[in-house]
Protein chains: 2
Amino acid sequence: MTTHHPTAAIIIIGNEVLSGRTQDSNTQYIARGLASRGIILGEVRVIPDIENVIVETVNSLRKNYSYVFTTGGIGPTHDDITSASISKAFGVPCTQHPEAYRRLKGFYDDRNEPLNDARARMTYTPQGANLIDNSISVAPGIIMENVYVMAGIPSICQSMFDSIKDSLAKGALIESASVKSNLIEGDIATELAAIQKHHPEVEIGSYPTKNGDQHMVEIVMRSTNPSALSEVEKKATDLVISKGGKLFSA
Amino acid sequence: MTTHHPTAAIIIIGNEVLSGRTQDSNTQYIARGLASRGIILGEVRVIPDIENVIVETVNSLRKNYSYVFTTGGIGPTHDDITSASISKAFGVPCTQHPEAYRRLKGFYDDRNEPLNDARARMTYTPQGANLIDNSISVAPGIIMENVYVMAGIPSICQSMFDSIKDSLAKGALIESASVKSNLIEGDIATELAAIQKHHPEVEIGSYPTKNGDQHMVEIVMRSTNPSALSEVEKKATDLVISKGGKLFSA
């Protein structure tokens with residue numbers, strides 16, 4: 001796709017994903033939100049809760065992408081080292097953010113509970129950062145230049161992403177179409193390659209799947225050019241029919 | 001953890017994951033299998049179906065990890081470029097593998113179907129590669145030195161991983177324990193940090209979650225030292241009780 005698009009990378013900070021204990025679901029939520037704004041998600045990295053790994057990964061990706069989103073590691077416990085690591089990545093001190101402090105202090109005062117040192121960790125951000133609101137937890141996310149630091153808990157991560165999504169730059173909308181049939185990939189691969197060659201402006205993917213014991217293949221087309229997309233969708237549909245395939249709704 | 005462990009990285013090759021269309025589930029399956037062999041999963045990258053990105057990612061990771069596992073892009077269609085890209089990464093030609101050819105030829109002969117050019121793509125591997133069997137599809141995965149190339153379809157990927165898992169080097173077994181309670185992280189964070197400081201041989205993670213409207217926190221401990229693990233588990237349990245928390249089964 002030659003149209004201009006903002007780009008993004010996601011960094012999932014989480015030993016619990018690398019150990020297999022937790023199934024990450026934040027990637028798909030953020031990916032869909034980015035796609036809906038015409039932002040190209042270029043890569044995702046899952047990394048451990050290790051400071052120098054976070055620092056190096058953030059510094060390498062923030063130079064190469066319009067936006068970097070991180071999830072995980074912003075709570076009150078000893079393994080929540082994201083804010084300190086992002087500060088180090090930017091070469092700034094990790095300092096108490098007055099607005100974050102005001103919010104957490106108010107929250108715990110209302111509950112007659114102390115804002116102890118552990119909870120106060122959540123009020124520290126890289127110096128100069130802005131806050132990301134969320135509707136679920138009083139602890140905010142962090143925006144540092146083009147790096148968006150969000151929670152690992154899916155409901156909070158999603159709420160944080162929703163609260164900043166409309167502020168992201170918009171790219172040309174990437175529309176998609178899908179043609180699903182009971183053929184298998186080998187039946188259509190040669191002709192599909194020819195269609196792809198003639199329509200470089202449409203990204204054509206082929207995904208085999210199963211419906212019970214029934215082999216299926218889904219041809220997924222994505223483009224910023226709606227008329228090219230329609231043309232390729234028609235060609236893919238004709239291809240399936242010409243091969244004796246039966247169409248299924250995707 | 002100071003014990004010696006083999007290490008691994010996973011590369012998910014898939015535009016469909018980056019667009020948000022597909023939820024990756026191969027990572028968790030592979031991660032759990034690696035953990036069960038005492039192999040440390042150091043990172044996961046999700047990258048697009050772009051040759052030079054695959055080449056660079058494979059070459060960067062295969063030097064730094066004992067094993068690299070890739071998923072996706074080994075079918076018969078134009079977007080299946082993994083085998084050619086791995087060949088390029090190793091600087092060897094992508095040639096027809098006699099045994100892969102024999103298997104696919106036999107399979108299509110039995111069905112009275114041609115092994116057309118598209119299907120024959122699945123018989124090409126980096127020169128010198130070995131094959132990975134699977135119980136579901138006739139198309140094999142590929143082993144090239146320490147790089148294991150597997151399918152993207154979860155059932156096939158899992159079958160391929162199962163068929164090679166026992167051949168991987170074993171590290172000291174990492175055992176885990178978990179203490180779940182109705183406390184919140186801020187209640188226990190200070191004491192938990194102190195426990196972590198006294199037990200560097202146990203990796204302690206704290207994961208807030210919800211049970212309906214009930215806030216919960218799960219303390220997860222991992223170690224290759226069973227007696228240290230038991231000691232930390234007891235300390236974590238005592239901490240929860242001392243804070244008036246109620247224990248839940250994890």
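**Exercise 1.** Determine how many residues of chain A and chain B are in contact, and what area is buried between them.

*Solution.* Contact is taken as heavy atoms within 4.5 Å. On this criterion, 53 residues of chain A are in contact with 53 residues of chain B. The structure is a predicted model, in which local features need pLDDT of at least 70 and side-chain atom pairs count only at pLDDT 80 or more, while totals for chains, interfaces and linings use all residues. Residues are numbered from 1 along each chain as its sequence is written, chains are lettered from A in the order in which they are written, and side-chain values use heavy atoms, with hydrogens and water left out. Next, the buried area (accessible area, 1.4 Å probe, lost on putting the two parts together and summed over both) is about 4200 Å², with carbon and sulfur atoms giving 52%.

**Exercise 2.** Count the salt bridges across the interface of chain A and chain B, and state which side chain Arg119(B) meets in one.

*Solution.* The rule requires a side-chain nitrogen of Lys or Arg within 4 Å of a carboxyl oxygen of Asp or Glu. It finds 4 salt bridges across the interface of chain A and chain B. In one of these, Arg119(B) meets Asp187(A) at 2.7 Å, N to O.

**Exercise 3.** Identify how β2(A) is joined to strand β2 of chain B.

*Solution.* Strands are DSSP runs (E, at least two residues) numbered from the N terminus, and two strands pair if DSSP finds at least two bridges between them. Here 3 bridges join β2(A) to β2 (residues 40-47) of chain B, and the strands run antiparallel. Within this pairing, Arg45(A) has Arg45(B) as its bridge partner.

Conventions:
Helix = DSSP H or I, 4+ residues; strand = E, 2+ residues; numbered from the N terminus.
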